[in-house]
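Please consult the sequence and the model while reading.

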Amino acid sequence: MLKYRYLFVLLLFCSLVANAKIDRKALVMRNNPEVTAMDTLSSLSVGNGGFAYTVDATGMQSFPEYYKGGICLGTQSQWGWHSFPNTEGYKHEECLKPYNFGHQSDAELYACQFKGPGRQYEASEYFRINPHRLHLGTVGFGFEQNNDSPADITSISQKLDMWQGSIHSRFSYKDTRYDVTTTCHPQRDLIAFSIEAKTIAPILLSLPYPTGKHTDDACNWQADSLHQSVIIMQGKDYAVVKHTLDTTTYYIKVRWQGKASFTKTKQHRYALTPRASSIRFTVEWTPTPPSATDGEKDIAFDEVKKEAAEYWQTFWTEGAAVDFSRCKDVRAKELERRIILSQYLLDIQCTGAPDSSPQNAFPPQETGLTMNSWFGKFHLEMILWHQAWLPLWGHTDKLQRTLNWYFHVQPIAQQIARRQGFEGARWMKMTDPSGEEAPSKVGSFLIWQQPHIIYLAELAYRSLSKTSPEDARRFAGTMYPLIDETAVFMHSFANLDTINNRYILRGYIPAQESLRADVTFNSPFELSQWRTTMMMAQQWRERLALPRKAEWDDLINHLSPLAYNKDSLYLAAESATDTYTNIRATSDHPAILGALGFFPMSRLINGKVMERTLEWIWDNWQWQTSWGWDFPMTAMAATRLMQPEKAIDALLMSQQKNTYLNNGHNYQDKRLRLYLPGNGALLSAIAMMCAGWDGCTVSNPGFPKDGNWDVEWEGLMAIP
């Protein structure tokens with residue numbers, strides 16, 4: 001675990017607040033969310049980065065059907081995946097479709113989502129759906145199964161204690177007062193419960209079959225015949241259930257302290273029935289069966305609670321911190337709340353378990369380990385928003401877990417590049433643990449996920465170099481093969497316009513997904529991203545005493561600048577000459593601003609033109625079509641342009657998709673009730689606004705100097 005404060009006072013970084021002493025415990029505790037009703041958008045979660053468990057106001061998953069339209073009551077892990085039987089023998093190559101975008105090959109093959117009917121449609125639908133992430137089972141009081149309603153739960157007082165990593169829930173059920181504590185082991189996929197009540201209702205373990213739907217709770221309760229579950233081990237204080245779904249099998253071990261019985265009450269439903277006024281028990285999910293000696297590894301509630309508390313206090317004290325308690329602006333309290341809750345949510349859902357192997361520490365999905373979106377698959381373009389904050393906030397070790405996964409899928413990325421006529425590795429967009437590319441109308445044509453591995457590795461290297469130069473050197477040597485293969489593809493993808501002696505990016509859908517692949521070229525975000533990360537790739541060669549590649553320098557020096565119109569406004573793409581008259585070009589992500597948001601000023605960008613562009617977008621963009629990460633991205637652009645008031649306004653813009661619920665989740669709409677890229681983007685923006693960027697010499701450049709934003713911070717790292 002990284003242990004550092006008050007770093008980065010070199011010219012590379014902005015200065016810190018001198019001798020700042022933030023009360024970390026007070027900072028966290030004053031932002032603990034509280035729940036007083038059966039609010040389906042206020043579900044709370046515990047987890048460890050590779051496993052998470054989400055509860056309703058009872059502190060358990062007692063009303064999963066009632067909550068399915070809100071923040072679902074999920075139990076999900078990094079390892080829990082399932083595929084429906086491939087009875088028709090579909091193959092991935094059946095989803096490929098040739099295109100000619102004017103690159104090196106006359107037939108570039110892309111994994112496409114076909115229209116039906118027909119076998120290609122059926123194959124593309126199969127591989128979009130499979131594999132999908134599993135809901136591993138609900139654990140909750142049997143209230144809903146007894147036809148009780150949420151109205152039967154009264155006098156609710158629930159709090160998530162982020163300093164301890166526990167949820168404390170008090171409520172009344174039919175005149176009986178319940179006191180429930182819920183916590184998660186920091187390294188094992190294990191939830192521990194303590195329940196006290198005069199009479200405790202049975203606790204049900206219910207095992208669903210997956211739905212295979214795009215976005216839902218992943219629970220099909222009407223398919224009992226399609227899967228099997230059985231008690232395979234049982235003793236006086238424990239039981240082990242084996243759950244088999246087609247070719248997927250996993251195990252659930254329940255162990256209790258106190259008088260209780262464990263029985264199978266119906267198919268795929270098991271009841272732990274307490275016989276006293278208190279019970280403490282644990283539930284652990286594993287992909288492999290427990291052995292006869294596993295009882296020696298069993299851990300009781302008190303031990304889990306203690307280890308969880310130790311983990312979370314270490315997390316909060318050894319990472320970076322930002323304190324807004326001295327700010328006079330009334331909005332500061334809300335911004336601080338979003339920051340603290342975002343750190344908690346991202347850590348429990350998006351960082352991988354500490355003991356994960358490279359094959360089992362995957363990039364997170366956009367709804368984390370709470371519910372499925374895009375069938376539970378993850379999107380590599382979102383890893384920038386999900387995880388760039390980790391080294392910026394002092395948690396580089398957690399980012400390294402995910403970066404290792406790229407080695408596992410590198411051969412597939414190389415195959416994708418070859419079938420399209422390119423060199424190097426073209427990283428997939430929508431994928432799963434195997435690394436296979438999911439068919440898509442959009443995903444296969446994106447390119448902005450390509451340089452993320454370079455950018456993220458650069459952040460990790462900078463962080464490591466401040467704490468252990470030797471670790472940084474080893475990391476550079478280990479990661480360079482991925483850096484090289486990525487940069488080779490990026491050079492191969494760019495087309496040289498020999499007449500004008502410039503490189504053009506063409507034949508792709510940009511980050512602003514409202515633009516089309518067949519006509520789009522030279523979008524600003526991708527141009528700036530390409531140049532920044534190719535320069536980083538050359539720096540990595542120099543760190544390893546390797547000569548610079550002349551062809552990479554040629555691309556860096558002759559990449560097309562950002563195109564603008566007669567009004568000195570940057571275009572959504574050089575090809576999008578109607579940017580400011582076509583509603584299609586002023587919707588979705590305002591990615592133009594990202595060119596000078598996450599990425600620095602360069603010869604491609606004119607600062608005055610970007611200022612005018614920011615003003616136009618601010619006043620005229622269809623913000624209701626934007627996504628959660630667009631608001632922090634706008635704040636980052638405003639910060640680099642030294643407009644701190646606008647940066648604050650962007651972070652707190654009153655738009656539905658910039659809503660942060662009571663539990664900290666970034667609400668988008670009825671389909672995506674949570675959206676973790678928004679949380680991650682917020683943390684990256686705050687890091688820039690406090691610590692600055694390469695060459696920045698202004699303290700807190702993202703906050704106004706009017707006395708209303710007296711911000712204290714510790715340990716943040718500047719971004720490039």
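C95 is buried in this predicted model, with a relative accessible area of 1%. The count of disulfides comes to 0, and C95 takes part in none, its nearest cysteine sulfur being that of C112 at 9.0 Å. The points below are grouped by topic.

**Cysteines**

- A disulfide is a covalent bond that links the sulfur atoms of two cysteines.
- A pair of cysteine sulfur atoms must lie within 2.5 Å to count as a disulfide.
- For C184, the closest cysteine sulfur belongs to C350 and is 14 Å away, which is too far for a bond.
- C184 counts as buried, because its relative accessibility is 3% and the cut-off for buried is under 20%.

**Sheet with β9, β14, β19 and β18**

- Four strands form an open sheet in the order β9-β14-β19-β18, and their pairing is antiparallel.
- The edges are taken by β9 (138-141) and β18 (260-266); each has a single partner strand, so one side of each is left without a neighbour in the sheet.
- On average, neighbouring strands of this sheet are turned by 25 degrees against each other, direction ignored.

**Pairing of β18 with β19**

- Strands in a sheet pair through backbone hydrogen bonds and may be parallel or antiparallel.
- β18 and β19 (residues 269-274) run antiparallel and are joined by 6 bridges.
- Within this pairing, K264 has Y270 of β19 as its bridge partner.

Methods
Residues are numbered from 1 along each chain as its sequence is written. This is a predicted model: local features need pLDDT of at least 70, side-chain atom pairs count only at pLDDT 80 or more; totals for chains, interfaces and linings use all residues. Side-chain values use heavy atoms; hydrogens and water are left out. Buried means under 20% relative accessible area, exposed over 50%, partly exposed in between (1.4 Å probe, protein chains only). Two strands pair if DSSP finds at least two bridges between them. Helices (H or I, at least four residues) and strands (E, at least two) are DSSP runs, numbered from the N terminus. Axes are lines fitted to C-alpha atoms, for helices over the stretch in contact, and angles run from 0 to 180 degrees between N-to-C directions.
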